[in-house]
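Okay, thanks for having me, everyone. Let me put the structure up, and then I'll talk you through a few places in it.

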Amino acid sequence: MHVKLINYTKNPERIIAQSARVCYSASNIQELKKKLDQPAVERIIKKIMKLGHYSVLEHASFTFALEGISRVTSHQLIRHRLASFSQQSQRYVKIEGEDFSFVIPPSIKDQDGLKSIFTENIEQLKATYCRLVQNGINIEDARYILPQAVTTKIIITANARELLHIFRLRCCNRAQWEIREVAIKMLKEVKKIAPLVFKNAGPPCLSGPCPEGELSCGHPWSKNNLNKE
Ligand SMILES: Cc1cc2nc3c(=O)[nH]c(=O)nc-3n(C[C@H](O)[C@H](O)[C@H](O)COP(=O)(O)OP(=O)(O)OC[C@H]3O[C@@H](n4cnc5c(N)ncnc54)[C@H](O)[C@@H]3O)c2cc1C
C-alpha cells in the first residue's frame with residue numbers, strides 16, 4: 001500500500017488563522033494578514049481547536065494519492081461525502097500485468113492452508129476475467145467477476161475539518177485494519193504540514209471516553225500508536 005500526500009494548501013495553518021481573525025476583527029483583511037506572525041498563528045489555532053470553531057479548517061485542503069489498496073477499502077473511503085475522489089476506472093482500464101494484484105488480509109495470510117485456498121480462488125477469478133475479455137466481453141462487464149480484494153488507485157482531496165472527522169472514525173480500532181492503516185498513514189503525513197491542527201487527531205478515546213459503548217475495543221489509543229503503526 002502506498003499513501004502519499006501529493007498536494008496541499010500553501011501555509012495551511014496561516015490561512016486557517018487568518019480566516020479565524022477575519023471573524024473577530026474590524027481591520028481589513030490585508031492588514032490582518034500583515035499582523036499575523038507565527039506566534040499569533042499558533043495562538044489562534046490553539047484557540048479555535050479548543051473552542052471547536054472548526055469551520056475555518058475548511059480553508060485548508062490536502063490531496064493524497066493511494067495505490068495498492070483493495071476495493072473493500074476504497075469503498076469504505078468513498079462513503080466520506082465531504083471529500084473528493086478520482087478512482088481508476090474498471091470500465092475503461094483493463095486490469096493486467098502488475099496491476100492485477102490483490103490484497104490478502106493478514107488473518108488469512110498468516111495461515112498457510114487458508115492463504116493458498118484464497119490465492120488459488122483469486123487466480124481462478126483472474127483467469128476467468130482474462131478469458132471473458134479474450135472472448136470479446138467488454139471490460140465493464142468482465143469486471144463483475146473481480147473480487148473485492150483487487151487493488152485500486154485513488155486520489156482523495158479533503159479539507160482539514162473533514163480529515164479530522166475521517167481520522168476520528170478510521171484510526172479507531174473499530175475500523176477495519178486496512179482503512180485504519182490508510183488513515184494512520186494520512187494522519188502522519190498531514191501532521192508534518194499542519195502539526196497544530198492535527199495535534200490531537202485520531203479516535204475519540206485520545207481525548208475522552210470511547211463513544212462505542214458495548215462495541216468498544218477496550219484498548220484506548222495513545223499518541224504512541226502513531227509511532228508504532
Ligand atoms: C466502524 C464503522 C462501521 C461501519 N459500518 C457500516 C455499515 O455496517 N453499513 C454502512 O452502510 N456503513 C457503515 N459505516 C460507514 C458509516 O455509516 C459512514 O457512511 C461513514 O463512516 C462516513 O461517515 P459520515 O457520514 O459521518 O461522514 P462524511 O460523509 O465524511 O460526512 C461528514 C459529516 O458531515 C455531515 N453530513 C454529511 N452528509 C450529510 C447529510 N447528507 N446530511 C446531514 N449531515 C451530513 C455529518 O455530520 C457527517 O458526520 C461504518 C463506519 C465505521 C467507521
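Let's start at Val-150, which is buried, because 21 other C-beta atoms lie within 10 Å, where 20 or more is enough to count. You'll find Val-150 in the loop between α7 (139–142) and β4 (151–159). And before I go on, please keep in mind that this is a predicted model.

So what does Val-150 touch, if we leave out residues up to four places away in sequence? The contacts are Ser-70, Arg-71, Ile-95 and Phe-102. Also, the C-alpha atom of Val-150 is separated by 6.0 Å from that of Ser-101, although the two residues are 49 apart along the chain.

Okay, over to Ser-101 itself. Ser-101 sits in the loop between β3 and α5 (106–109). Buried or exposed, or something in between? Ser-101 counts as partly exposed, with 14 C-beta neighbours inside 10 Å. If you go from Ser-101 to Ile-166, which is 65 residues away along the chain, the C-alpha atoms are separated by 27 Å.

Let me zoom out for a moment. The chain has 229 residues, and 25% of them count as buried. Its secondary structure comes to ten helices and four strands. Reading from the N terminus, the order is β-α-α-α-β-α-β-α-α-α-β-α-α-α. The C-alpha trace spans about 70 × 40 × 25 Å along its principal axes. And if you take the contacts between residues at least 6 apart in sequence, 73% of them join residues at least 24 apart.

Now the domains. The assignment gives domain 1 as 2–84 + 152–228, and domain 2 as 104–148. How far apart are the centres of domain 1 and domain 2? Taken over C-alpha atoms, 35 Å separate them.

Asn-11 is partly exposed, with 14 other C-beta atoms within 10 Å.

Last stop: the ligand. Which residues surround the ligand? Arg-79, His-80, Arg-81 and Leu-82 do, together with Glu-162, His-165, Leu-169, Arg-174 and Ala-175. By class, that shell has three nonpolar, two polar and four charged residues.

Let me pick out Arg-79 from that shell. Arg-79 is in the loop between α4 (71–77) and β3 (84–87). With 9 C-beta neighbours inside 10 Å, Arg-79 counts as exposed, since the cut-off for that is 12 or fewer. Compare Val-150, where we started, which is buried. And from Arg-79 to Arg-131, 52 residues apart along the chain, the C-alpha atoms are separated by 33 Å.

Note on methods. Residues are numbered from 1 along each chain as its sequence is written. This is a predicted model: local features need pLDDT of at least 70, side-chain atom pairs count only at pLDDT 80 or more; totals for chains, interfaces and linings use all residues. A residue is near a molecule or strand if its C-beta atom, placed from the backbone, lies within 6 Å of it. Ala, Val, Leu, Ile, Met, Phe, Trp, Tyr, Cys and Pro count as nonpolar, Asp, Glu, Lys and Arg as charged, and the others, Gly among them, as polar. Domain bounds come from an automatic or database domain assignment. Helices (H or I, at least four residues) and strands (E, at least two) are DSSP runs, numbered from the N terminus. Two residues are in contact if their C-beta atoms, placed from the backbone, lie within 7 Å.
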